[in-house]
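Here's a quick tour of a protein model, written for someone who likes to know the cut-offs. Have a look at the sequence and fold before reading on.

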Amino acid sequence: MLPLPGLSVKVDGHVLVGVLCLLEHDEEYIFTLPCAYARSILTVPWVELGGKVSINCIKSGYSATVTFHTKPFYGGKVHRVTAEVKHNLTNTIVCKAQGEWNGTLEFTYSSGETKVIDTSKLPVIRKRLRPVEWQGRTESRRLWQHVTKSLKEGNMDEATEHKHRLEESQRVEERKRAVDNKPWKPKYFTKEGDGWIYNNPLWKST
């Protein structure tokens, strides 16, 4: 079946991964990310996830594969996912899941037990943020506040203009650093191999 027309965004060359640390269990989960597809770009745009995601925890000995299914051109549902959780040592499937990642998910365990979770009803923990006026000059929310405001208001032309101004000012600063031979030094990250490491990760503060 053909997917809906639009644009796709994926990482080429190096696989982009994330790390989730569950401090209360002293477990570290490494996971890849799905591709993002921009749909209906000529009308009302929306984003769809697609592709396979792998999740692995060395300490627990479990891994999972989550498949984000893109909606076919005719029929089908959006945001559908299926998943399998495997015990690596015995190579056995201990749990399967299916449903919508932003809706209802049904889990079936190897014991025969089933569980249903409605993700739309899960409690949302709001971020604790400093007011924009208290943030540093280069903090993302302060830098992009006008772009964000315009997008929320549906004013794409104004958002594009704010984005252009911001990016041009950053290009000017980059050219000045090149003339002064002053390479950019990140405040919170340190280069390590082909990636960047956060200087103060949570697991180092416990």
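Predicted model: local features only at pLDDT ≥ 70, side-chain atom pairs only at ≥ 80, totals over all residues.

## Ground rules

Residues are numbered from 1 along each chain as its sequence is written, and side-chain values use heavy atoms, with hydrogens and water left out.

## Overall make-up

The protein has three helices and twelve strands (DSSP runs numbered from the N terminus: H or I of at least four residues for helices, E of at least two for strands). Of its 206 residues, 16% are buried, meaning under 20% relative accessible area, with exposed over 50% and partly exposed in between, using a 1.4 Å probe and protein chains only.

Take the contacts (heavy atoms within 4.5 Å) between residues at least 6 apart in sequence: 27% of them join residues at least 24 apart.

## The largest pocket

The largest pocket holds about 600 Å³ of space. On a 1 Å grid over the protein atoms alone, a pocket is an open set of points where a 1.4 Å probe fits, with protein on both sides within 12 Å along at least five of seven lines; lining residues have an atom within 4 Å of a point. Its volume is the space filled by probe spheres set on the points, which are joined across faces, edges and corners.

There are 20 lining residues, and Ile 55, Ala 64, Val 66, Val 85 and Phe 107 lie nearest the centre. Strands S6 (62–69), S7 (80–87), S8 (92–100) and S9 (104–109) each supply at least two of the lining residues. By class, the lining has 15 nonpolar, three polar and two charged residues (nonpolar: Ala, Val, Leu, Ile, Met, Phe, Trp, Tyr, Cys and Pro; charged: Asp, Glu, Lys and Arg; polar: the others, Gly among them).

## Helices H2 and H3

The axes of H2 (residues 145–152) and H3 (residues 156–180) come within 8 Å and cross at roughly 170°. H2 and H3 are therefore roughly antiparallel. The residues of this contact are four nonpolar, three polar and two charged.

Ser 150 sits in H2 and is buried, at 1% relative accessible area. Beyond its neighbours within four places in sequence, Ser 150 touches Asn 155, Glu 158, Ala 159 and His 162.

## Glu 100

Glu 100 belongs to strand S8 and is partly exposed at 21%.

Methods:
Axes fitted to C-alpha atoms, helices over the stretch in contact; angles between N-to-C directions. Parallel < 35°, antiparallel > 145°, perpendicular 65-115°, else oblique.
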